[in-house]
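Here is a short tour for a colleague opening this structure for the first time. Please keep the sequence and the 3D view side by side while you read.

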Amino acid sequence: MPDPADRPNVRILEALERQVLWLSTYMIHHANHIRPNEDGLKIGGHQASSASLATIMTALWFHVLKPTDRVAVKPHSGPVYHAIHYLLGNRTRDSLENYRGFGGIQSYPSRTKDGDDVDFSTGSVGLSVAQTIFASLVQDYVCLKGRMKNRPEGRVIAFAGDAELDEGNIYEALIEGWKQGLRNCWWIIDYNRQSLDAVIREGLWEKIETIFGNFGWDVIILKYGTLMEAAFAEPGGDRLRAWIDTCPNQLYSALCFQGGAAFRRKLLDDLGDQGPVTKLIERRSDAELLRLMSNLGGHDLPLILETFEKAEGDRPKCFIAYTIKGYGLPFQGHKDNHAGLMTPSQIDAFQNELGIRKAHEWEPFEAIKEIREEVKNFVAARSNVLKSEMRLHAETVVVPSKLEYRTEKKLSTQQGFGLILQDLARSEHRLADHIVTCSPDVTVSTNLGAWVNRRGLFAHDAVADLFKKEKIPSTFAWDFSPQGQHFELGIAENNLCLMLAALGLSHSMNGERLIPIGTLYDPFVARCLDSLNHACYQDARFILVGTPSGVTLAPEGGVHQSIGTPLIGMAQDGLASFEPAFVDELEVILRWSFAYLQKSPQKNKKPSWVREESGGSVYLRLTTRPVEQITRTLTPDIEADMIDGAYWLRKPGPNPDCVIIAMGAVMPEAIDAVGQLADKRRDVGLLAVTSADRLNAGWTAATRARAQGYAAPASAIERHLARLSPHTRLITVLDGHPATLSWIGGVRGHHVVSLGVEHFGQSGTIRDLYRHFEIDSRAILEAVQSVTAGQRII
Ligand SMILES: Cc1ncc(C[n+]2csc(CCOP(=O)(O)OP(=O)(O)O)c2C)c(N)n1
Ligand SMILES: [Mg+2]
């Protein structure tokens with residue numbers, strides 16, 4: 001336990017807390033009342049929500065945190081967070097003045113937008129809280145493999161609003177953490193008993209205590225501050241304590257808002273005894289009484305310091321900190337205070353109370369008078385300590401010039417994915433040691449089995465596969481050990497993306513580059529969409545494999561069919577998506593992806609629209625449909641085309657009547673159709689799309705650049721279509737929503753017919769379903785017939 005003698009003077013922290021509260025409050029005031037705002041929009045509130053955690057956050061950043069700790073803050077504590085980092089020298093005054101402005105600091109702290117101090121981006125409640133569980137597991141993963149490079153382990157800490165615990169993903173993560181032996185994780189719950197709209201249910205703390213206790217967490221409650229404890233020790237104090245314990249949340253909040261006189265009235269009404277309790281109350285002025293009654297644990301610095309000092313050991317810990325929303329501000333406790341803004345006269349009054357001179361509002365230590373120099377020195381020293389470990393870097397892992405795999409005449413892309421990983425698992429290539437796979441209970445059915453057989457499952461303690469030990473025949477060996485490289489997750493897909501986010505930030509958080517690959521059934525991408533977005537927003541780097549996909553999984557059934565995922569892949573920022581048809585394409589794409597996800601944004605360089613230089617994550621949409629493989633040698637040009645999004649599988653002649661543009665599992669249909677068209681239409685070509693996303697992004701980027709006056713070279717799709725005549729008809733086809741490829745008609749103004757899937761819910765054979773949804777070769781021929789002149793085709 002740290003020596004309490006090392007504790008900073010509480011006066012220093014109290015002074016800092018006031019300064020932090022001022023800056024956070026003023027930041028919002030400035031954005032609303034001082035900075036020009038031509039839109040007339042209110043620039044958010046959060047004064048109340050932020051103030052709620054000002055005391056604990058001050059204590060953490062100015063004393064409790066170790067440089068190796070990683071912290072996710074409650075979204076609405078952004079202003080307090082930024083104020084703290086301003087004092088620590090990690091924010092400029094300009095950035096505070098431009099809070100929520102263009103290029104300014106974000107309302108919800110962001111890893112990519114705000115500064116190197118932000119460990120987890122926040123905004124969508126519940127996600128960053130849950131991500132701390134996975135970040136802690138990833139730290140263990142790196143640690144147990146001896147790759148921490150002499151850095152000590154840190155704690156991974158989340159601040160959560162009490163209403164954040166309504167999010168279901170919290171409980172999915174709790175179960176997973178329990179299964180995986182979570183350590184070194186702290187959650188500090190801002191128990192202000194208010195959400196956005198309302199005051200929360202009575203007794204929630206008991207539920208939290210039981211739930212967390214059940215999952216093996218230590219639960220520590222910070223309820224009564226030092227002033228309260230002292231009052232409880234006075235004669236009659238036990239009755240005051242009983243009153244506080246039974247006071248409904250609504251009433252307590254309302255009295256905190258109304259102030260000391262209201263508390264006095266109510267307490268005397270309820271407890272007045274003309275004896276010790278009355279004396280206890282009457283001994284205090286209204287201001288003192290309010291100070292006493294709002295001295296909840298989460299606002300009491302001595303208690304906070306002592307509690308966190310005592311929190312020893314690596315068991316996960318949940319701190320329930322009683323707080324008051326809007327603490328110290330005029331709307332404290334008011335149920336409507338979430339977006340409440342202090343009026344200019346309230347700000348003036350607050351400014352006067354703190355002794356802040358006009359025109360000195362942004363001065364870092366303006367609210368601190370007598371001990372200003374002492375505080376400044378203290379903060380400077382603290383800043384040096386914390387800075388040392390903010391963002392780490394890891395070397396790039398070299399990618400082999402070719403990924404080997406055992407090919408077969410017919411293969412599905414999903415099988416090919418398994419075969420490539422199987423070969424990597426057997427190889428001695430360093431890249432293989434950096435790969436970490438994970439899957440929400442679909443490891444085997446997404447073809448990761450062979451990889452896992454070789455590389456094993458990760459766990460803190462070795463557990464041998466009992467079936468193997470007992471010599472019971474089984475295709476898979478499920479041996480768990482600290483050397484294992486696969487996280488077997490429970491079915492919650494949301495946890496998969498939170499895990500990918502955590503693994504995909506390991507280079508920056510732990511200084512160890514991991515190459516994460518997560519697999520799931522493609523339709524369930526929708527289940528983890530927000531956490532996928534959250535992972536991309538943080539610039540975590542990973543490969544997400546959605547397989548099987550589309551209606552091609554045929555007999556598997558309607559609800560397992562995905563239609564919209566190609567559009568998700570196109571629309572998701574930070575994610576390059578691919579849908580190959582052949583395994584040699586997949587090999588090229590995977591090889592590129594391993595390098596792409598290790599690239600880093602160039603400082604001071606405007607990122608290009610296609611992220612070629614700055615890198616990103618990758619989404620692969622694969623299928624279980626075995627497809628005849630083509631024996632061919634890929635030239636570097638074709639490989640480059642595959643990465644850019646499309647290549648000619650059959651080049652059209654000089655004056656084509658039509659061109660088929662196909663993506664993914666339907667490629668055999670397109671090949672068949674092109675064959676049948678050979679003597680019926682002139683010069684027909686087949687363009688194989690590997691990535692509608694990159695093809696589209698390349699086109700958009702080139703168009704934009706030209707609009708800005710740059711001589712941008714033709715994008716891939718412009719190049720491909722340049723060989724067509726204006727009258728050439730385009731037929732696009734994929735097992736997914738037709739809009740994925742229909743935009744191609746707009747590139748050079750070609751007439752386009754787009755085939756795809758708009759409905760789902762039928763099971764059957766692939767042939768049945770391709771016919772039903774009209775994405776088979778016959779449908780392609782019908783489409784050609786409908787838009788081209790010439791002899792009847794069918
Ligand atoms: C996923 C998601 N849903 C809704 C919101 C809008 N929202 C912001 S804060 C909030 C409630 C906050 O309550 P709590 O977590 O208790 O924090 P407090 O306001 O008490 O500080 C809501 C619903 C959001 N940011 N994210
Ligand atoms: Mg709350």
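1. A word on the model. This is a predicted model, in which local features need pLDDT of at least 70 and side-chain atom pairs count only at pLDDT 80 or more, while totals for chains, interfaces and linings use all residues. Residues are numbered from 1 along each chain as its sequence is written, chains are lettered from A and ligands numbered from 1 in the order in which they are written, and side-chain values use heavy atoms, with hydrogens and water left out.

2. The metal site. D162 (OD), N192 (OD1) and Q194 (O) coordinate the magnesium ion (ligand 2) at 1.9 to 2.2 Å. Donors here are N, O and S atoms within 2.8 Å of the metal (3.2 Å for Na, K and Ca); water is not among the atoms, so the site may look incomplete. Along the sequence the donor residues follow the spacing D-x29-N-x1-Q. D162 sits in the loop between β2 (156–161) and α7 (168–179), and Q194 in the loop between β3 (185–191) and α8 (204–214), so this pair ties together parts that are 32 residues apart in sequence. Helices (H or I, at least four residues) and strands (E, at least two) are DSSP runs, numbered from the N terminus.

3. Buried means under 20% relative accessible area, exposed over 50%, and partly exposed in between (1.4 Å probe, protein chains only). D162 is buried at 2% relative accessibility, and Q194 is buried at 3%.

4. The cores. A nonpolar core is a set of buried Ala, Val, Leu, Ile, Met, Phe, Trp, Tyr and Cys residues joined through side-chain atoms within 4.5 Å. The largest has 83 residues, and those with the most contacts inside it include I133, W187 and F487. Helix α6 (residues 127–144) gives the largest share of this core, 10 residues. Another core, of 74 residues, lies apart from it, with F578, F582, Y647 and V784 among its members.

5. Not counting residues up to four places away in sequence, W187 touches residues including V129, I133, F212, W217 and F319. Contact means heavy atoms within 4.5 Å.

6. A covered strand. In strand β19 (residues 729–734), 5 of its 6 residues are buried. Strand β17 (residues 658–663) runs parallel to β19 and is joined to it by 6 bridges, with M663 opposite L734. Strand β20 (residues 752–755) also pairs with β19 in the parallel sense, over 4 bridges; here T732 has S754 as its bridge partner. Two strands pair if DSSP finds at least two bridges between them.

7. Backbone details. Most residues other than glycine have a negative phi, and most peptide bonds are trans. N447 has a positive phi of about 75°; it lies in the loop between β7 (435–440) and α20 (449–455) and is partly exposed, at 27% relative accessible area. K471 has a positive phi of about 60°; it is in the loop between α21 (466–469) and β9 (480–481) and is exposed, at 72%. T547 and P548 are joined by a cis peptide bond, with omega about -5°. P548 belongs to the loop between β12 (543–546) and α25 (565–571).
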